[in-house]
Amino acid sequence: MVIAIDGPAASGKGTLARRIAARFGCAHLDTGQLYRAVGMAVLRADKDPADAAFAALAARALKPDDAILADPELRSDGAAQAASKVAAVPEVRRALLDFQRSFAARPPGGAAGAVLDGRDIGTVVCPDADAKLYVTASVEVRAQRRLKELRERGIPAIPDAVLEDMKARDARDSQRAVAPLKPAGDAFVLDTSAMTADEAFEAAVAFIASATGSAAAR
Ligand code: CDP
């Protein structure tokens, strides 16, 4: 069983994907971490994330057990901005495609299935997924959630700057030529602007159970 979860930054898809994976006994891959790792690797080599040739090299070198994938710095805003720049490079996306498809085809730990979350899982990486969700919320709500997350982690943040960063990343992700952020035609769109995390989770579980006929819904 493959479950695809896509959506814009801070839509809550990461938390949702983790809970869905636990409920349905699946392995989980946060594909954003892969782009963040490539972005960080480029920054650490003192290169420009828009340098296509170098970013492609870094993407091809990334291995499933790389220590950088567990580096807390990947959650920083610098890594996020670098990620959305390397993510616009076609060779980077091509290099990461095999990584993601292998995970979906052979989930680690002998799990019964895989949950992948990102921007293009339902449209490009796993177009034949058994269930596709597109999780979204208004940009203002998403900026508020990111602000709360940053403050909880003790990172000082300016509300207007967080909102502007969110808009910049939305624009880069949805306007790029390759694999732009958009819902797959057969995705269930879940707008969580007025939902709690628990409400979003229950709605997602109900949809996946009906789409896959899974008995793990309860
Ligand atoms: O956690 P958040 O939603 O803020 O971001 P993320 O999912 O970690 O993704 C970071 C960046 O990687 C995004 O802004 C995208 O540009 C890129 N990305 C992508 O292009 N395709 C994916 N499947 C996942 C992430």
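Before the first stop, one term: two strands count as paired if DSSP finds at least two bridges between them. Keep in mind, too, that this is a predicted model.

**Stop one: strand 1.** Select residues 2–6, which make up strand 1. Are they mostly covered or mostly open? Mostly covered: five of the five residues are buried. Now show the side chains. Val-2, Ala-4 and Asp-6 point one way, while Ile-3 and Ile-5 point the other way.

**Stop two: the neighbours.** Look for Gly-118 of strand 3, standing opposite Asp-6.

**Stop three: the ligand.** Click on the ligand, and you'll find 19 residues around it, with Lys-13, Arg-36, Arg-93, Arg-169 and Asp-173 the closest. The space it takes is the largest pocket. Which elements give two or more residues to the shell? They are helix 2 (31–44), helix 4 (77–86) and helix 8 (159–175). Helix 2 gives the most, with four residues.

**Last stop: polar atoms.** Select Thr-31, where a polar side-chain atom lies 3.0 Å from a nitrogen atom of the ligand. Asp-120 also has a polar side-chain atom 3.0 Å from a ligand nitrogen. At Arg-176, a side-chain N or O atom is 3.0 Å from an oxygen atom of the ligand. Taken alone the ligand exposes 530 Å², and the protein buries 97% of that.

Technical notes
Residues numbered from 1 in each chain as written. Predicted model: local features only at pLDDT ≥ 70, side-chain atom pairs only at ≥ 80, totals over all residues. Heavy atoms only, no water. Buried < 20%, exposed > 50% of the residue type's maximum accessible area, 1.4 Å probe, protein only. Near = heavy atom within 4 Å. Polar contact = N/O pair within 3.5 Å; in protein donor to acceptor, adjacent residues only side chain to side chain. Areas by Shrake-Rupley, 256 points an atom, 1.4 Å probe, with all protein chains shown as cover. 1 Å grid on protein atoms, 1.4 Å probe; cavity = no way out; pocket = protein on both sides within 12 Å on 5 of 7 lines; lining within 4 Å. Sits in = over half its atoms within 2 Å of the grid points.
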